[in-house]
Amino acid sequence: MNWLLLIWSASLGASLTLGLMHGLVWFRSGWSRVAHLAFAFAALGVAGVAVGELLCTDARSPAEFGRIQKWMHVPLMVMVAGLVCFISLYFRTGRRWLAWSTLASRLGALVVNFLSPVNLHYREIGAIARVEFFGQTVSVADRTVFNPWCWLPVLSSLLLVVFVADASLQLWRQGGADARRRAAVIGLSTIAFVMLATGHALLVHTQQIQSPYLVSLFFLAIIVALAHELSLDVIAAARLSKDMKESQDQMTLAASAARMALWTWDVVNNRIWMAPEGRALFGFDARETISLERFLTAVHTDDREAVRQGIDRTLVGGEGPARDYRIVLPDGQVRWISAVRKIENDASGRPVRMRGVSMDTTDRHDAEERSQLMVEAAPYAMVMVDAEGHIVMTNSQVEVVFGFTRAELLGKPLEMLIPDRFREVHADHVRSYAASPIVRQLGRGRDVAGRRADGTSFAAEIGLSPVRSGPQTYVLASILDVTEQRAAERQLAEQRSQLVHLARISSLGQLSGALAHELNQPLGIILSNAQAAQRLMDNAAIDVQELKEILADIISEDRRAGEVIKRLRSLLKRGEARLEVVSVNGVIQDVLRLTHSDLLVRGVEIRTELGDGLPAVQGDGVQLQQVLLNLILNGCDAMEALPAHERLLRIATWTEGMVVRLAVTDVGCGLPEGEADRVFQPFFTTKPQGLGIGLAITRAIVEAHRGRLWTEANPGAGTVFHLELPVFLSPAP
Amino acid sequence: MTAHSPIVYLVDDEDGMIRALQRLLRAEGYDPRGFTSANEFLGAYRHRPEVDCCLILDVEMPGWDGLQLQERLTNEGVLVPIVFLSGHSDIPISVRAMKAGAVDFLTKPVESHQLLASVRSALARCGEQRSLSEFARRLPLLTPREREVLEHVVTGKLNKQIAGDLGTGEQNIKIHRGRMMQKLRVESLAELVRVTAKLGIGAGGAGHDSREVIAGSGQLGA
């Protein structure tokens, strides 16, 4: 049995099989697996070398031996080139110049080989010797002359070893268990077997030993080591593809659960692949072919152009989420779709396919639409402002109230809506609001001024709410044009002020007789005194002392008349309500002075019990005089039917907690049962000539002073009018 | 001002007013006496038949007011003539006052000549009242014949006619008439006619009227 033939044939077969296998892998997977092609060449080279070595063992003449050996350098060249390329491509390391030097020296050896008379190794082969090699008879070169060029392939081999050692070391240094194993297995086996092959060949060429060439066997070992590593890669790739399939399955499942459609558009062939769930989402038939045009027919006509433009943008590299669009299902249902698209280009940058995910967002759109409708339908202007004070949202009322269109406002600073003279104040408000953003309700917020597009300003009421959306904080302002309300309020206040004035005049009308008396008294005294003086002057002897007394009386009475007029004026004067610190007891004394004569005429006795050290209240002194005047006159009226000596009006003041209390008690006719509160209604009167506004006005004044006014029956007879006013607290310094 | 200066009473709740009026009245030679309330006045007033007097009365006062005081004085037969001086003119009140016999109703501020004119007429009324009551006091001194002559004289009849009516001689009538004039201290026929007309004598036998006048001059509070 020729075991030599067997070994070499097996080696040849193994090399060829491995080479063809990986050549096929390259052919199937394309240039991403170009390392397999290099491997295939290296393996083919080994196979070629193996054939040459087998033929050498059987060479009959020196010439045949030399020829075979010469031609063996071609597969050797292929083998080394394949190995160098493989290491470079597979490791992605190694110095380029070492690789090129290896290949160049090998190519040089090949050239020299074909120029040499016999071949690269021998200048001359004298004879063929048949020698015993492990029990087999093989042919070896004999009586040879060594060719010094033989050192060139040795150099090439050494360069190869250096190159591989360097590349392996670099890979090792990059780290990673996988890479290190690869560097160790491939690097060490290549270095070892290249050196063994080279050393053995050199011993044969220098006739130190007589042996057939064993290069192919050593290189087969290298090839096996490489193949081992490659096969691990193939196994890993297979596992990866299995994992990927699984994850794709999971993704499809998740997509269908989320009503998402995964799709891929083959741009070149205009075919859209879509999972069954996606087809269901868009209403496509399970087996129909979907082109871009077919896809667009599903899109709502209003959105079709926008979608087409969006796709065009993605085609030229636009990224990011596309605008939402509507589709119309075969049954006419309209759904909202959100999509994310991504383009893939080929090596030359041409778009090849587009991948994407489409999602049914109808529910979200409906909710958004509802909230948008709500905002739009709000009866006041709403403006949302971001942290920088820029307007990010408005509703249609903004256009009505401010006269700006939405487009004019979006993205602009809020200052656009504020009159110049308020901008500084506004900035302060913004700062203080930013410091403590809380909800300020409309109507309880502050009054501000707004600026319309035509530059006019208007009174506005504003409500504020902070809105947090993700990391951003917005402020939502609701604005109400209160120009008309404010005008109405002003008018109302004006009317009330007129009414108060009217009531005052009417009560003064009741007092007019007494007031005339009050004035006539001092005037009468003055006149009489003056005329008495005139007469005294006519006398021969002038009583100077008497004249002095007369003048003193005239002066004091004149002052008294002036006081009366002053009080009368202040009571008659109609002006803005003033806020001052008022003593209730002082008010009572003023009014009693003013009504002194009237009370005399009416025969009413006044008894006062005024509290000592009564705290002051805050208000309009004249208005409070009016209140007291009305209460006193009212009490007098109630006692008109009584005999003169029974007409008694008591006025008492005292403090009760944080309020000053006042009670005016008459012993008159009292109020009819159940009408205790009706007396405060306008135009309610029990008097024949009464207007019925006195007590209504009185209560209005009291309430404007944050006080209360009510009645109680006086035990026995008559009525008590209770008045309560909050104590004035001086503001903290 | 003498012991017989006419007295002017003043009732007003205002001290200043009383002082002013007192000065004015003193300058005119009257004897003014001021009171700040009706009660004070009532306590101080004494009837003095020998001196003319009148009352200047305020209307609005604490306690008794002017009208109430007037009413009380009338009820008690005190016929002091009253000039009202009110703080304000009020027609119903002034009508009441005048009906109740007031001499005048003035309002403050009052011109001095106006006030003094009223005071003068009030004092004149007082004097008249005084002379009437004097006359009435003397009437009972007449004999029945003299009384008859008086009643005939005041109707404007001549002595001869009276003598004819009474069935006596003209000379007798002359004597009766002279005595009658002397007893009644009347200077002239004109005065006699005026006084008797006031007393209602000779106008159809209303002689009892005179008794009221006499009673009216009685002392207050007696």
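These are my notes on the contacts between chain A and chain B and on a few salt bridges.

**Ground rules.** I am working with a predicted model, where local features need pLDDT of at least 70, side-chain atom pairs count only at pLDDT 80 or more, and totals for chains, interfaces and linings use all residues. Residues are numbered from 1 along each chain as its sequence is written, chains are lettered from A and ligands numbered from 1 in the order written, and side-chain values use heavy atoms, with hydrogens and water left out.

**Interface.** I looked up the contacts (heavy atoms within 4.5 Å) and found 22 residues of chain A touching 25 residues of chain B. The buried area (accessible area, 1.4 Å probe, lost on putting two parts together, summed over both) is about 2000 Å², with 54% of it on carbon and sulfur atoms.

**Salt bridges across it.** I counted seven between chain A and chain B, taking a side-chain nitrogen of Lys or Arg within 4 Å of a carboxyl oxygen of Asp or Glu. B:Arg23 pairs with A:Asp553 at 3.1 Å and with A:Glu546 at 3.9 Å.

**Within chain A.** I also checked A:Asp324 and A:Arg364, whose closest N and O atoms are 3.0 Å apart. This pair ties together parts 40 residues apart in sequence, because A:Asp324 lies in a loop and A:Arg364 in helix H11 (helices are DSSP runs of H or I, at least four residues, and strands runs of E, at least two, numbered from the N terminus). A:Arg364 is partly exposed at 44%.

Definitions and conventions: Buried < 20%, exposed > 50% of the residue type's maximum accessible area, 1.4 Å probe, protein only.
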